[in-house]
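Colleague: I would like to learn how to read a model of this kind. Please take me through it one feature at a time.

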Amino acid sequence: MTDTDSTPPAPSRRALIGWGGAGLALGAAAAGGAAAMTRTGNDVDPAGAAAGGAIAFHGARQAGIATPVQDRLHFAAFDVTTTDRAELVELLKDWTRAARQLTAGRAVGEGAYGGLAEAPPDDTGEALGLKPSRLTLTIGFGPSLFGRFGLAGQRPEALVDLPKFAGDNLDANRSGGDLCVQACADDPQVAVHAIRNLARIGMGKAVIRWSQLGFGKTSSTTPDAQTPRNLMGFKDGTRNIAGTETDRLEKFVWVGEKDGPAWMTGGSYLVARRIRMHIETWDRTSLQEQEDIFGRDKGEGAPVGKAKERDEPFLKAMKPDAHVRLAHPDSNHGATLLRRGYSFTDGTDGLGRLDAGLFFLAYQRDVREGFIPVQRNLATDALNEYIQHVGSAVFAIPPGVRDADDWWGRTLFAKEA
Ligand code: HEM
(Lines give C-alpha, C1' and ligand atoms only; values in the text may rest on other atoms or scores of the structure.)
Protein backbone atom coordinates (compact mmCIF):
# COMPACT_ATOMS: atom_id res chain seq x y z
CA MET A 1 0.00 0.00 0.00
CA THR A 2 1.32 3.42 -0.85
CA ASP A 3 1.04 6.49 1.27
CA THR A 4 -1.66 7.88 -0.97
CA ASP A 5 -3.99 4.83 -0.99
CA SER A 6 -7.47 5.95 -0.11
CA THR A 7 -8.81 2.84 1.66
CA PRO A 8 -6.36 1.72 4.32
CA PRO A 9 -7.54 -1.44 6.13
CA ALA A 10 -5.92 -0.22 9.32
CA PRO A 11 -4.13 2.88 10.50
CA SER A 12 -0.87 3.16 8.62
CA ARG A 13 2.53 4.25 9.92
CA ARG A 14 2.00 7.60 8.24
CA ALA A 15 -1.46 7.92 9.74
CA LEU A 16 -0.03 7.19 13.16
CA ILE A 17 2.02 10.34 12.98
CA GLY A 18 -1.19 12.28 12.88
CA TRP A 19 -3.41 10.12 15.03
CA GLY A 20 -1.03 9.22 17.79
CA GLY A 21 -1.82 5.55 17.25
CA ALA A 22 -5.37 5.96 18.50
CA GLY A 23 -7.22 2.68 18.77
CA LEU A 24 -4.25 0.62 17.68
CA ALA A 25 -2.40 0.10 20.85
CA LEU A 26 -4.49 -0.62 23.90
CA GLY A 27 -4.24 2.02 26.52
CA ALA A 28 -2.03 4.13 24.36
CA ALA A 29 -4.47 6.94 23.85
CA ALA A 30 -4.92 7.43 27.55
CA ALA A 31 -1.20 7.49 28.05
CA GLY A 32 -0.75 10.07 25.34
CA GLY A 33 0.37 7.95 22.38
CA ALA A 34 1.61 4.51 21.44
CA ALA A 35 5.17 5.34 22.41
CA ALA A 36 4.08 5.86 25.99
CA MET A 37 2.80 2.31 26.47
CA THR A 38 4.49 0.45 29.26
CA ARG A 39 4.71 -3.24 29.82
CA THR A 40 4.67 -4.50 33.35
CA GLY A 41 6.55 -7.52 34.65
CA ASN A 42 6.80 -10.43 32.25
CA ASP A 43 3.44 -9.81 30.68
CA VAL A 44 2.52 -10.61 27.14
CA ASP A 45 1.05 -7.38 25.88
CA PRO A 46 -2.53 -7.82 24.69
CA ALA A 47 -2.00 -5.13 22.07
CA GLY A 48 0.46 -7.43 20.39
CA ALA A 49 -2.11 -10.15 20.03
CA ALA A 50 -3.86 -8.24 17.27
CA ALA A 51 -1.76 -8.76 14.14
CA GLY A 52 -0.19 -5.53 13.04
CA GLY A 53 -0.48 -3.82 16.43
CA ALA A 54 2.23 -2.19 18.48
CA ILE A 55 4.15 -3.81 21.33
CA ALA A 56 4.96 -1.43 24.17
CA PHE A 57 8.57 -0.26 24.08
CA HIS A 58 8.77 0.90 27.70
CA GLY A 59 9.01 -1.64 30.50
CA ALA A 60 11.20 -3.02 33.25
CA ARG A 61 12.46 -5.59 30.73
CA GLN A 62 13.14 -5.26 27.04
CA ALA A 63 10.51 -6.52 24.63
CA GLY A 64 11.59 -9.19 22.16
CA ILE A 65 12.47 -11.79 24.78
CA ALA A 66 9.38 -13.07 26.62
CA THR A 67 6.90 -11.20 24.39
CA PRO A 68 5.21 -13.30 21.68
CA VAL A 69 7.61 -14.27 18.89
CA GLN A 70 6.87 -12.49 15.61
CA ASP A 71 7.30 -14.12 12.19
CA ARG A 72 10.31 -12.19 10.88
CA LEU A 73 13.75 -11.18 12.05
CA HIS A 74 16.50 -8.78 11.10
CA PHE A 75 19.39 -9.15 13.50
CA ALA A 76 22.41 -6.86 13.32
CA ALA A 77 25.73 -6.87 15.16
CA PHE A 78 27.64 -3.57 15.18
CA ASP A 79 31.24 -2.56 15.70
CA VAL A 80 31.52 0.73 17.57
CA THR A 81 33.88 2.93 15.55
CA THR A 82 33.95 6.00 17.75
CA THR A 83 36.50 5.98 20.57
CA ASP A 84 34.69 8.70 22.48
CA ARG A 85 32.49 7.53 25.37
CA ALA A 86 30.27 10.63 25.16
CA GLU A 87 29.61 9.92 21.48
CA LEU A 88 28.65 6.34 22.25
CA VAL A 89 26.23 7.53 24.93
CA GLU A 90 24.79 10.02 22.45
CA LEU A 91 24.31 7.21 19.95
CA LEU A 92 22.46 5.07 22.49
CA LYS A 93 20.18 8.00 23.32
CA ASP A 94 19.53 8.69 19.64
CA TRP A 95 18.82 5.00 19.02
CA THR A 96 16.40 4.89 21.94
CA ARG A 97 14.48 7.90 20.59
CA ALA A 98 14.28 6.26 17.18
CA ALA A 99 13.34 2.84 18.63
CA ARG A 100 10.50 4.47 20.55
CA GLN A 101 9.13 5.91 17.30
CA LEU A 102 9.74 2.81 15.19
CA THR A 103 8.09 0.35 17.57
CA ALA A 104 5.05 2.64 17.75
CA GLY A 105 4.80 2.48 13.96
CA ARG A 106 6.07 5.97 13.38
CA ALA A 107 8.68 7.33 11.04
CA VAL A 108 12.03 8.35 12.53
CA GLY A 109 12.61 11.99 13.47
CA GLU A 110 10.68 14.40 11.28
CA GLY A 111 9.70 11.66 8.85
CA ALA A 112 10.53 10.68 5.29
CA TYR A 113 9.32 13.78 3.48
CA GLY A 114 7.93 17.23 4.03
CA GLY A 115 11.08 18.63 5.60
CA LEU A 116 13.88 20.70 4.11
CA ALA A 117 14.19 19.96 0.40
CA GLU A 118 17.95 20.55 0.62
CA ALA A 119 18.55 17.91 3.32
CA PRO A 120 18.14 14.15 3.31
CA PRO A 121 14.96 13.17 5.18
CA ASP A 122 15.28 11.73 8.70
CA ASP A 123 13.50 8.50 7.77
CA THR A 124 14.35 6.33 4.75
CA GLY A 125 10.66 5.90 3.92
CA GLU A 126 10.17 2.26 2.98
CA ALA A 127 7.88 1.54 5.95
CA LEU A 128 5.44 4.36 5.23
CA GLY A 129 1.96 2.90 5.00
CA LEU A 130 2.89 -0.26 6.89
CA LYS A 131 1.48 -1.18 10.28
CA PRO A 132 3.65 -1.32 13.44
CA SER A 133 3.65 -5.11 12.85
CA ARG A 134 4.47 -5.89 16.51
CA LEU A 135 8.02 -4.60 15.93
CA THR A 136 10.31 -5.13 18.91
CA LEU A 137 13.86 -3.82 19.12
CA THR A 138 16.17 -5.42 21.65
CA ILE A 139 19.69 -4.15 22.28
CA GLY A 140 22.71 -6.04 23.59
CA PHE A 141 26.33 -5.32 24.54
CA GLY A 142 29.07 -7.72 23.40
CA PRO A 143 32.17 -8.68 25.44
CA SER A 144 34.42 -6.59 23.16
CA LEU A 145 32.64 -3.38 24.23
CA PHE A 146 33.82 -3.83 27.80
CA GLY A 147 37.50 -3.55 26.93
CA ARG A 148 36.88 0.07 25.93
CA PHE A 149 35.13 3.26 27.09
CA GLY A 150 36.18 2.71 30.70
CA LEU A 151 33.76 -0.21 31.00
CA ALA A 152 36.22 -2.93 32.03
CA GLY A 153 35.02 -3.01 35.62
CA GLN A 154 31.42 -3.28 34.51
CA ARG A 155 31.73 -6.48 32.50
CA PRO A 156 29.40 -9.09 33.97
CA GLU A 157 31.07 -12.33 35.04
CA ALA A 158 28.31 -14.19 33.25
CA LEU A 159 29.27 -12.54 29.95
CA VAL A 160 31.99 -15.05 29.16
CA ASP A 161 33.62 -15.54 25.79
CA LEU A 162 32.11 -18.76 24.47
CA PRO A 163 34.56 -21.68 24.42
CA LYS A 164 35.18 -23.61 21.22
CA PHE A 165 32.65 -26.40 20.87
CA ALA A 166 33.06 -29.69 19.00
CA GLY A 167 32.22 -29.22 15.34
CA ASP A 168 32.41 -25.41 15.35
CA ASN A 169 33.39 -23.94 12.01
CA LEU A 170 32.98 -20.28 12.83
CA ASP A 171 33.37 -17.46 10.36
CA ALA A 172 34.81 -14.38 12.10
CA ASN A 173 32.87 -12.18 9.69
CA ARG A 174 29.62 -13.62 11.01
CA SER A 175 30.63 -13.62 14.67
CA GLY A 176 31.05 -11.22 17.58
CA GLY A 177 30.12 -7.56 17.71
CA ASP A 178 30.25 -4.69 20.23
CA LEU A 179 26.50 -4.10 20.06
CA CYS A 180 23.54 -5.99 18.68
CA VAL A 181 20.00 -5.07 17.81
CA GLN A 182 17.44 -7.79 17.35
CA ALA A 183 14.50 -6.51 15.28
CA CYS A 184 11.48 -8.82 15.19
CA ALA A 185 8.26 -7.98 13.37
CA ASP A 186 5.47 -9.65 11.49
CA ASP A 187 6.41 -7.74 8.35
CA PRO A 188 10.01 -8.20 7.08
CA GLN A 189 10.07 -4.70 5.62
CA VAL A 190 9.30 -3.21 9.03
CA ALA A 191 12.19 -5.13 10.64
CA VAL A 192 14.62 -4.24 7.86
CA HIS A 193 13.54 -0.60 7.91
CA ALA A 194 14.23 -0.44 11.64
CA ILE A 195 17.77 -1.83 11.38
CA ARG A 196 18.53 0.30 8.33
CA ASN A 197 17.48 3.48 10.10
CA LEU A 198 19.38 2.64 13.28
CA ALA A 199 22.48 1.93 11.19
CA ARG A 200 21.99 5.25 9.42
CA ILE A 201 21.75 7.11 12.71
CA GLY A 202 24.92 5.32 13.80
CA MET A 203 26.96 6.55 10.86
CA GLY A 204 30.40 7.65 12.03
CA LYS A 205 29.92 6.01 15.45
CA ALA A 206 28.98 2.41 14.72
CA VAL A 207 28.95 0.22 11.66
CA ILE A 208 27.17 -3.07 10.94
CA ARG A 209 29.61 -5.95 11.35
CA TRP A 210 27.23 -8.67 10.21
CA SER A 211 23.52 -9.15 9.98
CA GLN A 212 21.05 -11.96 9.55
CA LEU A 213 17.55 -12.04 8.09
CA GLY A 214 15.22 -14.69 9.43
CA PHE A 215 11.83 -15.94 8.38
CA GLY A 216 9.59 -18.49 10.06
CA LYS A 217 10.13 -18.44 13.80
CA THR A 218 11.41 -21.80 15.05
CA SER A 219 10.32 -21.35 18.64
CA SER A 220 7.47 -19.60 20.31
CA THR A 221 6.74 -18.18 23.72
CA THR A 222 3.01 -18.79 23.26
CA PRO A 223 2.36 -22.53 23.76
CA ASP A 224 -1.37 -22.20 23.08
CA ALA A 225 -0.59 -21.24 19.49
CA GLN A 226 0.42 -23.82 16.89
CA THR A 227 4.07 -24.86 17.30
CA PRO A 228 6.13 -23.64 14.33
CA ARG A 229 8.30 -26.01 12.28
CA ASN A 230 11.95 -25.65 11.38
CA LEU A 231 13.46 -26.27 7.94
CA MET A 232 13.91 -29.95 8.80
CA GLY A 233 10.12 -30.17 8.97
CA PHE A 234 9.89 -30.79 12.73
CA LYS A 235 7.87 -28.87 15.28
CA ASP A 236 10.34 -26.69 17.16
CA GLY A 237 9.90 -24.96 20.48
CA THR A 238 7.46 -27.41 22.06
CA ARG A 239 9.19 -27.38 25.42
CA ASN A 240 10.28 -23.76 25.31
CA ILE A 241 9.69 -21.34 28.21
CA ALA A 242 6.38 -19.54 27.70
CA GLY A 243 6.09 -15.77 28.07
CA THR A 244 3.50 -16.27 30.79
CA GLU A 245 5.64 -18.60 32.95
CA THR A 246 6.74 -15.90 35.37
CA ASP A 247 8.49 -18.28 37.75
CA ARG A 248 10.54 -20.02 35.08
CA LEU A 249 11.43 -16.69 33.49
CA GLU A 250 12.70 -15.42 36.84
CA LYS A 251 14.63 -18.61 37.41
CA PHE A 252 16.18 -19.12 33.98
CA VAL A 253 15.98 -15.92 31.92
CA TRP A 254 16.04 -12.68 33.91
CA VAL A 255 19.12 -11.50 35.78
CA GLY A 256 18.16 -11.09 39.44
CA GLU A 257 19.28 -8.42 41.89
CA LYS A 258 21.68 -10.79 43.64
CA ASP A 259 23.27 -12.00 40.41
CA GLY A 260 25.11 -8.75 39.72
CA PRO A 261 26.31 -6.50 38.35
CA ALA A 262 23.58 -4.11 39.48
CA TRP A 263 23.24 -2.52 36.04
CA MET A 264 22.12 -5.89 34.60
CA THR A 265 19.19 -6.45 37.01
CA GLY A 266 16.14 -7.19 34.88
CA GLY A 267 18.30 -8.00 31.87
CA SER A 268 19.35 -11.29 30.31
CA TYR A 269 22.10 -12.86 28.18
CA LEU A 270 21.74 -13.76 24.54
CA VAL A 271 23.63 -16.39 22.58
CA ALA A 272 23.27 -16.16 18.79
CA ARG A 273 24.49 -19.01 16.60
CA ARG A 274 24.18 -19.23 12.83
CA ILE A 275 23.64 -22.94 12.29
CA ARG A 276 23.86 -24.15 8.72
CA MET A 277 21.73 -27.18 7.86
CA HIS A 278 22.82 -29.69 5.24
CA ILE A 279 19.33 -29.73 3.86
CA GLU A 280 20.11 -31.89 0.82
CA THR A 281 21.55 -34.69 2.96
CA TRP A 282 18.69 -34.41 5.42
CA ASP A 283 16.15 -34.71 2.62
CA ARG A 284 17.65 -38.07 1.62
CA THR A 285 17.41 -39.42 5.16
CA SER A 286 14.64 -41.90 6.01
CA LEU A 287 11.72 -40.77 8.11
CA GLN A 288 12.64 -43.28 10.83
CA GLU A 289 16.15 -41.91 11.10
CA GLN A 290 14.91 -38.32 11.13
CA GLU A 291 12.57 -39.13 14.02
CA ASP A 292 15.26 -41.05 15.88
CA ILE A 293 17.58 -38.05 15.58
CA PHE A 294 15.17 -35.74 17.35
CA GLY A 295 13.44 -38.30 19.59
CA ARG A 296 10.05 -37.02 18.46
CA ASP A 297 7.76 -37.98 15.58
CA LYS A 298 7.45 -35.74 12.57
CA GLY A 299 3.68 -35.42 12.31
CA GLU A 300 2.46 -34.79 15.84
CA GLY A 301 5.78 -33.92 17.43
CA ALA A 302 5.18 -36.41 20.24
CA PRO A 303 8.20 -37.72 22.18
CA VAL A 304 9.18 -41.37 21.50
CA GLY A 305 6.57 -43.76 22.92
CA LYS A 306 4.07 -40.97 23.63
CA ALA A 307 0.97 -39.95 21.68
CA LYS A 308 0.78 -36.18 22.02
CA GLU A 309 3.18 -33.31 21.41
CA ARG A 310 2.80 -31.97 24.94
CA ASP A 311 3.25 -35.36 26.65
CA GLU A 312 6.24 -35.39 28.98
CA PRO A 313 9.27 -36.91 27.18
CA PHE A 314 10.55 -40.23 28.55
CA LEU A 315 14.21 -39.73 27.75
CA LYS A 316 15.33 -43.33 28.21
CA ALA A 317 12.98 -44.42 25.42
CA MET A 318 14.98 -42.27 23.00
CA LYS A 319 18.29 -43.18 21.35
CA PRO A 320 21.25 -42.09 23.52
CA ASP A 321 22.28 -39.54 20.88
CA ALA A 322 18.79 -38.10 20.24
CA HIS A 323 18.73 -34.29 20.19
CA VAL A 324 15.87 -33.89 22.66
CA ARG A 325 17.38 -36.41 25.08
CA LEU A 326 20.71 -34.56 25.12
CA ALA A 327 19.23 -31.03 25.21
CA HIS A 328 16.60 -31.76 27.89
CA PRO A 329 17.17 -30.08 31.28
CA ASP A 330 17.26 -33.52 32.98
CA SER A 331 20.42 -34.30 31.00
CA ASN A 332 21.99 -30.93 31.87
CA HIS A 333 21.58 -30.47 35.62
CA GLY A 334 18.44 -28.46 34.99
CA ALA A 335 19.92 -26.00 32.45
CA THR A 336 17.01 -24.35 30.63
CA LEU A 337 16.99 -21.83 27.78
CA LEU A 338 14.42 -19.54 26.24
CA ARG A 339 14.81 -20.25 22.53
CA ARG A 340 13.73 -17.62 19.99
CA GLY A 341 15.38 -18.61 16.72
CA TYR A 342 14.44 -18.20 13.06
CA SER A 343 14.95 -20.12 9.83
CA PHE A 344 17.15 -18.55 7.18
CA THR A 345 17.91 -19.16 3.52
CA ASP A 346 20.68 -16.99 2.11
CA GLY A 347 20.83 -18.20 -1.48
CA THR A 348 23.19 -21.02 -2.45
CA ASP A 349 26.74 -21.81 -1.45
CA GLY A 350 28.24 -21.93 -4.95
CA LEU A 351 28.19 -25.74 -4.92
CA GLY A 352 24.50 -26.01 -5.70
CA ARG A 353 23.45 -26.38 -2.08
CA LEU A 354 21.13 -24.09 -0.19
CA ASP A 355 22.83 -21.87 2.37
CA ALA A 356 20.00 -22.48 4.79
CA GLY A 357 19.57 -23.29 8.43
CA LEU A 358 18.59 -22.06 11.84
CA PHE A 359 19.61 -18.73 13.29
CA PHE A 360 19.55 -19.91 16.89
CA LEU A 361 18.82 -17.28 19.53
CA ALA A 362 18.69 -18.26 23.18
CA TYR A 363 18.12 -16.07 26.23
CA GLN A 364 19.27 -17.07 29.68
CA ARG A 365 20.14 -15.75 33.11
CA ASP A 366 23.73 -16.97 32.97
CA VAL A 367 25.48 -18.31 29.86
CA ARG A 368 27.65 -20.56 32.04
CA GLU A 369 24.57 -22.32 33.33
CA GLY A 370 22.58 -22.13 30.11
CA PHE A 371 23.93 -22.41 26.60
CA ILE A 372 27.45 -23.62 27.44
CA PRO A 373 26.56 -26.84 29.30
CA VAL A 374 23.75 -27.69 26.87
CA GLN A 375 25.89 -27.13 23.79
CA ARG A 376 28.71 -29.17 25.37
CA ASN A 377 26.28 -32.02 25.95
CA LEU A 378 25.20 -31.80 22.32
CA ALA A 379 28.73 -32.84 21.23
CA THR A 380 27.40 -36.37 20.65
CA ASP A 381 24.10 -35.21 19.13
CA ALA A 382 23.05 -37.34 16.12
CA LEU A 383 21.88 -34.07 14.54
CA ASN A 384 25.50 -32.92 14.17
CA GLU A 385 25.86 -34.96 10.98
CA TYR A 386 23.36 -32.58 9.39
CA ILE A 387 24.29 -29.20 10.87
CA GLN A 388 27.31 -26.98 11.39
CA HIS A 389 27.67 -23.90 13.58
CA VAL A 390 29.16 -21.18 11.35
CA GLY A 391 28.56 -17.97 13.32
CA SER A 392 28.54 -17.14 17.01
CA ALA A 393 28.02 -14.19 19.32
CA VAL A 394 27.11 -13.49 22.91
CA PHE A 395 25.61 -10.32 24.35
CA ALA A 396 24.57 -8.85 27.68
CA ILE A 397 20.98 -7.67 27.28
CA PRO A 398 20.37 -4.72 29.61
CA PRO A 399 17.03 -4.11 31.36
CA GLY A 400 14.22 -2.28 29.60
CA VAL A 401 13.78 1.41 28.94
CA ARG A 402 11.38 2.48 31.66
CA ASP A 403 9.96 5.75 30.38
CA ALA A 404 10.41 8.68 28.04
CA ASP A 405 13.47 9.94 29.96
CA ASP A 406 15.23 6.61 30.05
CA TRP A 407 17.56 5.22 27.36
CA TRP A 408 19.20 1.98 26.27
CA GLY A 409 22.25 1.36 28.44
CA ARG A 410 21.62 4.09 31.01
CA THR A 411 22.30 1.72 33.89
CA LEU A 412 25.63 0.68 32.35
CA PHE A 413 26.86 4.21 31.72
CA ALA A 414 25.50 5.68 34.96
CA LYS A 415 28.85 5.16 36.66
CA GLU A 416 31.53 7.57 35.43
CA ALA A 417 34.50 5.97 33.69
C1 HEM B 1 19.84 -26.62 13.60
C2 HEM B 1 19.93 -26.91 14.88
C3 HEM B 1 18.79 -27.35 15.73
C4 HEM B 1 17.59 -27.89 15.38
C5 HEM B 1 17.07 -28.18 13.99
C6 HEM B 1 16.86 -28.14 16.60
C7 HEM B 1 15.59 -28.69 16.67
C8 HEM B 1 14.93 -29.04 17.83
C9 HEM B 1 13.65 -29.73 17.89
C10 HEM B 1 12.84 -30.18 16.70
C11 HEM B 1 13.34 -29.90 19.20
C12 HEM B 1 12.11 -30.62 19.78
C13 HEM B 1 10.94 -29.74 20.08
C14 HEM B 1 11.14 -28.77 21.21
O15 HEM B 1 10.96 -29.08 22.39
O16 HEM B 1 11.50 -27.63 20.91
C17 HEM B 1 14.41 -29.29 19.97
C18 HEM B 1 14.46 -29.23 21.33
C19 HEM B 1 15.43 -28.58 22.03
N20 HEM B 1 16.57 -28.02 21.53
FE21 HEM B 1 17.12 -27.94 19.61
N22 HEM B 1 17.61 -27.73 17.66
C23 HEM B 1 18.80 -27.24 17.18
C24 HEM B 1 19.85 -26.74 17.91
C25 HEM B 1 19.85 -26.58 19.26
C26 HEM B 1 20.92 -25.99 20.03
C27 HEM B 1 22.22 -25.42 19.46
C28 HEM B 1 20.52 -26.00 21.32
C29 HEM B 1 21.22 -25.50 22.56
C30 HEM B 1 22.51 -25.48 22.73
C31 HEM B 1 19.20 -26.63 21.37
C32 HEM B 1 18.46 -26.82 22.51
C33 HEM B 1 17.25 -27.45 22.56
C34 HEM B 1 16.51 -27.64 23.79
C35 HEM B 1 16.90 -27.13 25.17
C36 HEM B 1 15.36 -28.36 23.45
C37 HEM B 1 14.25 -28.80 24.40
C38 HEM B 1 14.59 -30.13 25.03
C39 HEM B 1 13.48 -30.55 25.98
O40 HEM B 1 13.29 -29.85 26.99
O41 HEM B 1 12.84 -31.54 25.72
N42 HEM B 1 18.84 -26.98 20.10
N43 HEM B 1 15.37 -28.79 19.10
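Colleague: Which residues come nearest to the ligand?

Modeller: First, some ground rules. This is a predicted model, in which local features need pLDDT of at least 70 and side-chain atom pairs count only at pLDDT 80 or more, while totals for chains, interfaces and linings use all residues. Residues are numbered from 1 along each chain as its sequence is written. A residue is near a molecule or strand if its C-beta atom, placed from the backbone, lies within 6 Å of it. Here 29 residues are around the ligand, and Phe234, Thr238, Arg239, Ala327 and Leu358 come nearest.

Colleague: How many residues of each class does the shell around the ligand have?

Modeller: Ala, Val, Leu, Ile, Met, Phe, Trp, Tyr, Cys and Pro count as nonpolar, Asp, Glu, Lys and Arg as charged, and the others, Gly among them, as polar. By that scheme the shell has 16 nonpolar, 8 polar and 5 charged residues.

Colleague: Which helices and strands each supply at least two residues of that shell?

Modeller: Helices (H or I, at least four residues) and strands (E, at least two) are DSSP runs, numbered from the N terminus. The chain has 11 helices and 11 strands. Strands S7 (268-277) and S10 (354-364) each supply at least two shell residues, as do helices H9 (323-327) and H10 (371-377).

Colleague: Which strands pair with S10?

Modeller: Two strands pair if DSSP finds at least two bridges between them. S7 runs antiparallel to S10, joined by 9 bridges, and Ala272 has Leu361 as its partner in S10. S8 (residues 338-339) is also antiparallel to S10, over 2 bridges; there Arg339 is partnered by Ala362. S9 (residues 342-348) pairs with S10 in the antiparallel sense over 5 bridges, with Phe344 opposite Gly357. The hairpin of S9 and S10 has 5 residues between the strands, and Gly350 takes a positive phi near 90° in it.

Colleague: Is S10 largely enclosed or exposed?

Modeller: A residue is buried if 20 or more other C-beta atoms lie within 10 Å of its own, exposed if 12 or fewer, and partly exposed in between, with C-beta atoms placed from the backbone. In S10, 8 of the 11 residues are buried, so this strand is largely enclosed by the rest of the structure. Of the 417 residues of the chain, 48% count as buried.

Colleague: What do the two faces of a strand look like in S5?

Modeller: In a regular strand the side chains alternate between the two faces of the sheet. In S5, Leu179, Val181, Ala183 and Ala185 lie on one side, and Cys180, Gln182 and Cys184 on the other; all are buried. S5 (residues 179-185) is largely enclosed because 7 of its 7 residues are buried. S3 (residues 72-80) pairs with S5 in the antiparallel sense over 7 bridges, and Phe75 stands opposite Gln182. S4 (residues 136-141) is joined to S5 by 6 bridges, again antiparallel.

Colleague: Which residues have the most contacts inside the largest nonpolar core?

Modeller: A nonpolar core is a set of buried Ala, Val, Leu, Ile, Met, Phe, Trp, Tyr and Cys residues joined through C-beta atoms within 7 Å. The largest one has 101 residues, and those with the most contacts inside it are Ala183, Ala191, Ala194, Val253, Tyr269 and Leu270. Helix H4 (residues 85-103) gives the largest share of this core, 7 residues.
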